[in-house]
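Student: I am new to this. Please show me how to read the features here.

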Amino acid sequence: MSGPYLIRGSVSLPEAELTWRFSRSSGPGGQHVNTSDSQAELRFDLARTEALPEVWKQRALERLAGRLVDGVLVVRASEHRSQWRNREAALVRLTALLAEATAPPPRPRRATRIPRGINERRLRQKKQRSDTKRGRSGRDWG
């Protein structure tokens, strides 16, 4: 689990820019829970990083603005009992977040016209349906 963590392409996060903190996980457990710091908290300073290209960095800062505290992205993991597995989970979560946030915007949709035949068929079916329903009204019934 050591050293550079790939985001996308050849861009990766250097170990030196990641800050780890460990604490006790919440929730039920036995005596082991009271002594082990298994929750992992991973911090990455997105605003000051040199690992990402400038365009990616601006895109990520914009898209993750709601999650950032002073330009720092914080990811916590406490679903596993082992600190090691929580570290891996936090790292996977961070790289996935950054990969999604730095992805280029989708291409704009090109407007296309509906073919005349399809439109005519739709109108013909609507007319048939309306005739069917009009035929059900009880005007001529005795």
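Tutor: Start with a definition: helices (H or I, at least four residues) and strands (E, at least two) are DSSP runs, numbered from the N terminus. This is a predicted model, where local features need pLDDT of at least 70, side-chain atom pairs count only at pLDDT 80 or more, and totals for chains, interfaces and linings use all residues. Residues are numbered from 1 along each chain as its sequence is written, and side-chain values use heavy atoms, leaving out hydrogens and water.

Student: How many salt bridges does a search of the whole structure find?

Tutor: Side chains of opposite charge can pair when their charged atoms come close. The rule is a side-chain nitrogen of Lys or Arg within 4 Å of a carboxyl oxygen of Asp or Glu. The search finds 7.

Student: Which residue forms a salt bridge with Lys-127?

Tutor: Asp-131 does, with the closest N and O atoms 3.6 Å apart. Both lie in helix 3 (residues 116–135), 4 residues apart, about one turn of the helix. Asp-131 also meets Arg-134 in a salt bridge, 3.2 Å from N to O. Arg-134 and Asp-131 are 3 residues apart in helix 3.

Student: What parts does the pair of Arg-21 and Glu-41 tie together?

Tutor: Arg-21 and Glu-41 form a salt bridge, at 3.4 Å between the closest N and O atoms. Arg-21 lies in strand 3 and Glu-41 in strand 4, so the pair ties together parts 20 residues apart in sequence.

Student: Is Glu-41 buried or exposed?

Tutor: Buried means under 20% relative accessible area, exposed over 50%, partly exposed in between (1.4 Å probe, protein chains only). Glu-41 is buried, at 5%. Arg-21 is partly exposed, at 48%.
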